[in-house]
Amino acid sequence: MKPPRRSSQILLTVCAAFALAAAASADTQAASGRFDYDATDGTHNVIANPPDGVCIDLPKTAVGVDNQTDTQVTLYTGKGQLARCTGTKEVVPKYTAITWGSYRPNSMWFGPGAP
């Protein structure tokens, strides 16, 4: 009987698809909450539920931030593909706001394990 073999192949394929979907959703974590920042051009900007564990550029250079997420954020002066998350860094704890004089962050990393 060939049909049972075909059924077991389909079942195996379905199980593999569910395992991959579960692994993918586990890898994509996000900080819960909002990250507000004021830019050097005077605009107020908001990023909702930013991703954890990846380095991203701020769309605009910041002069102050309000980290209303459930995790810390590490900010860096470096920006762009080669300089992202480099330079002078500052850690802003969860649920904390800070404004700087001359420090100007351009990239960020949410959660532990920042470079």
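This briefing covers a disulfide and a sheet in the structure above. The model is predicted, so to speak of local features a pLDDT of at least 70 is needed, side-chain atom pairs count only at pLDDT 80 or more, and totals for chains, interfaces and linings use all residues. Residues are numbered from 1 along each chain as its sequence is written, and side-chain values use heavy atoms, with hydrogens and water left out.

**The disulfide**

- The count comes to 1 disulfide, a term for a pair of cysteine sulfur atoms within 2.5 Å.
- C55 and C85 form this link, and their sulfur atoms lie 1.8 Å apart.
- The pair joins distant parts of the chain, 30 residues apart: C55 sits in strand β3 (residues 55-57), and C85 in the loop between β5 (73-76) and β6 (89-92).
- Strands here are DSSP runs of E with at least two residues, numbered from the N terminus.
- The link of C55 and C85 is right-handed, with 100 degrees about the S-S bond.
- C85 is buried at 8% relative accessible area, whereas C55 is partly exposed at 21%.
- Buried means under 20% relative accessible area, exposed over 50%, and partly exposed in between (1.4 Å probe, protein chains only).

**The sheet**

- An open sheet of 4 strands runs in the order β2-β1-β4-β7, with antiparallel pairing; two strands pair if DSSP finds at least two bridges between them.
- β2 (44-48) and β7 (96-99) are at the edges, each with a single partner strand, so one side of each has no neighbour in the sheet.
- Strand β4 (residues 62-69) pairs with β7 in the antiparallel sense over 4 bridges.
- G64 stands opposite T99 in β7.
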